[in-house]
Amino acid sequence: MHARIRPWHQVMAFVLFVAVLFPAACQPVDPPVPEEGAKDALPDQEAWNTTIYLSRDGRQEATIRAGHRLYFSETNVTVIDEGIYVEFFEEDGSLASTLEAEWGEIDGQTHDLRVRGGVTVHSSERGTLETDSLTWLNAANLIVTDAAVRLTGDTDVIAGDGFEADPGMRGYIIRRNIKGRFLPDAQPQ
């Protein structure tokens, strides 16, 4: 006699298999307890009053001055936790703009720079940008943020949410909630 496996037998076998495994898979998992001293990762390097030069294809793109910086080799990240001052350069080597912030982080792979806290970017051509966070995308040579921004020029003040520009801010985009005040009779300084 030949035993015949019916489709509902296969379904029942699958349901039993899942019923056995599923409760075990859904058991609450206790979060891992960090080892003593591993709560805060220790940096591999630490330095005060340093300068970091970022370049691409032999051309200097930015100079970053840091009051205090920490390098973490495991994540390849440099954290700047005291006074960050950045100079961005044009292709001809002239100064495009300067940036100041309270805190920064450099990704060692991409050389992207993320800054937070009292961020100001000053361009002699466009004025001063104020925001609370900003990222410089090295490969695209763009400064971007989704945060609220305020751009003050000689004859106008524009505010909004989200911003994208070249470091010299000659061309820029404010993405949302744009408000502004133009002073057509004001004389540029």
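Trainee: Which residues does Thr120 touch once its neighbours within four places in sequence are left aside?
Mentor: Contact here means heavy atoms within 4.5 Å. Leaving out those neighbours, the list for Thr120 is Thr98, Leu99, Glu100, Thr128, Leu129 and Glu130.

Trainee: What sort of model is this, and how are the residues numbered?
Mentor: It's a predicted model, where local features need pLDDT of at least 70 and side-chain atom pairs count only at pLDDT 80 or more, while totals for chains, interfaces and linings use all residues. Side-chain values use heavy atoms, with hydrogens and water left out, and residues are numbered along each chain as its sequence is written, from 1.

Trainee: Back to Thr120: is it buried, partly exposed or exposed?
Mentor: Thr120 sits in strand β6, residues 113-123; strands (E, at least two residues) and helices (H or I, at least four) are DSSP runs numbered from the N terminus. Buried means under 20% relative accessible area, exposed means over 50%, and partly exposed is in between (1.4 Å probe, protein chains only). Thr120 comes out at 27%, so it counts as partly exposed.

Trainee: Which side chain makes a polar contact with that of Glu61?
Mentor: Glu61 belongs to strand β2, residues 59-72, and is buried because its relative accessibility is 2%. A polar contact is a pair of N or O atoms within 3.5 Å; within protein, one must be able to donate a hydrogen and the other to accept it, and residues adjacent in sequence count only if both atoms are side-chain atoms. At 2.6 Å, the partner of the Glu61 side chain is that of Arg56.

Trainee: How many bridges join β2 to β3?
Mentor: Two strands pair if DSSP finds at least two bridges between them. On one side, β2 pairs with β1 (residues 45-56) in the antiparallel sense over 11 bridges, with Glu46 opposite Leu70. With β3 (residues 77-89) the run is also antiparallel, and Tyr71 stands opposite Thr78. The bridges between β2 and β3 number 10.

Trainee: Which residue has a positive phi in the hairpin of β2 and β3?
Mentor: Most residues other than glycine have a negative phi, and most peptide bonds are trans. In the hairpin of β1 and β2, with 2 residues between the strands, Asp57 takes a positive phi near 55 degrees. The β2 and β3 hairpin has 4 residues between its strands, and the one with a positive phi, near 55 degrees, is Asn76.

Trainee: What is the relative accessible area of Asn49?
Mentor: Asn49 lies in β1 and has a positive phi near 50 degrees. Over in β10 (residues 172-182), Asn177 has a positive phi of about 50 degrees and counts as exposed at 52% relative accessibility. Asn49 is exposed too, with a relative accessible area of 68%.
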